[in-house]
Amino acid sequence: MTSVQKALRSVKRKLRTLSVVHSLLLGVIAFLVVYVVGIFFEARWIVPVTIGGVAFLFALARGIRKIQLREAEQRIPHMEWQLRTAEDTINKDNEVVRSLHEDVMRQVEHIHTSSLANKKKMLTQTALVCALFALVFILPATGFTVSAIKDNALTGFSTLVNNGGKLFGDDSASSEENRERSLREDEVERITGPSADLELQT
C-alpha cells in the first residue's frame, strides 16, 4: 500500500467515525421520541430501545455506504478535486502525479475529524437530544398520562351525571331526599315525643 493510499484511507476512516456519531445521535433521538410518547401511554421501555436500535443501525449502514471523498472535499474547500484525483491516479507514476500525491499527503496530515463534521447539523441534533432528555425528566413528574386523562374524564363525567338534575333545574332528586328526611324526623318524633309516653302509659 502506497503512502497516498494510507492518507486517503485515513480520510475515509475519519468520515466513518463521523457517520457513527451521526447515526448514534439519530438512534438516541428516535429512542427519546418514542420514549416520550410512551410516557403518555405507559408503554414498556423495550419499545423505544428497539426502535432506537433499528434507527441507529439503519442510519449507520446508509451513512457508511454513502461515504465518499467528495464529502471531505466539500468540508475542506482548498482540497477540492485533489482527493478524488489522487485516488484515481494511484496506479499512475509521473512527475505531475507524484507532486499531487505529495501535496495531498502533506495536507491530509492536518485534517482533523472535527474539520470534516457538519457542525450545524450536529449542533441541531445535540440540542434536540438535550430537549428530549429534559422532557423525559419533566413529564413523569407531572403525572400526565393517557390513563390519568381517562380517570379525570370519567370522574368529571360521573360528577356531571350526579349533578345533572341540579344543572338542568330538576329538583326531583332533592325533593325525594327531603321527603325521606321528613318521614324519618316524624318517626323519631313519634317514638321519642310526648305522644309516645302517653301510649306507654295506656
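This is a predicted model: local features need pLDDT of at least 70, side-chain atom pairs count only at pLDDT 80 or more; totals for chains, interfaces and linings use all residues.
Visitor: How much space lies in the largest pocket?

Guide: The largest pocket holds about 460 Å³. A pocket here is an open set of points on a 1 Å grid over the protein atoms alone, where a 1.4 Å probe fits, with protein on both sides within 12 Å along at least five of seven lines. Its volume is the space filled by probe spheres set on the points, which are joined across faces, edges and corners.

Visitor: OK, back to the pocket. Which residues lie nearest its centre?

Guide: Ser19, His22, Gly63, Glu71 and Lys121 do, out of 19 residues that line the largest pocket. A lining residue has an atom within 4 Å of a point.

Visitor: And which elements do the lining residues come from?

Guide: H1, helix H2 (46-65), H3 and helix H6 (119-142) each give two or more residues to the lining of the largest pocket. H1 supplies the largest share of that lining, 6 residues. Helices (H or I, at least four residues) and strands (E, at least two) are DSSP runs, numbered from the N terminus.

Visitor: How many helices and strands are there in the protein?

Guide: The protein has 10 helices and 0 strands.

Visitor: What share of the protein is buried?

Guide: Buried residues make up 25% of the 202 residues. Buried means under 20% relative accessible area, exposed over 50%, and partly exposed in between (1.4 Å probe, protein chains only).

Visitor: So what's in the largest nonpolar core?

Guide: The largest nonpolar core has 19 residues, and Val11, Leu83, Val104 and Val108 have the most contacts inside it. Helix H1 (3-41), helix H3 (69-75), helix H4 (82-88) and helix H5 (95-108) each give two or more residues to this core. H1 gives the largest share of this core, 6 residues. A nonpolar core is a set of buried Ala, Val, Leu, Ile, Met, Phe, Trp, Tyr and Cys residues joined through side-chain atoms within 4.5 Å.

Visitor: What does valine 104 touch?

Guide: Leaving out residues up to four places away in sequence, valine 104 touches Leu8, Met79, Gln82, Leu83 and Ala86. A contact means heavy atoms within 4.5 Å.

Visitor: Which residues of H6 are buried?

Guide: In H6 they are Gln125, Val129, Leu132, Val136 and Leu139. The buried residues of H6 pack against H1.

Visitor: Now leucine 18: buried or exposed?

Guide: Leucine 18 counts as buried because its relative accessibility is 15%. This residue lies in helix H1. Leucine 18 touches Thr113, Leu116 and Ala117, not counting residues up to four places away in sequence. Leucine 18 and alanine 117 are 99 residues apart in sequence, yet 6.6 Å apart in space, C-alpha to C-alpha.

Visitor: Last one: where is threonine 89 found?

Guide: Threonine 89 sits in the loop between H4 and H5. With a relative accessible area of 12%, threonine 89 is buried. Threonine 89 touches Val97, Leu100 and His101, again not counting residues up to four places away in sequence.

Terms used. Residues are numbered from 1 along each chain as its sequence is written. Side-chain values use heavy atoms; hydrogens and water are left out.
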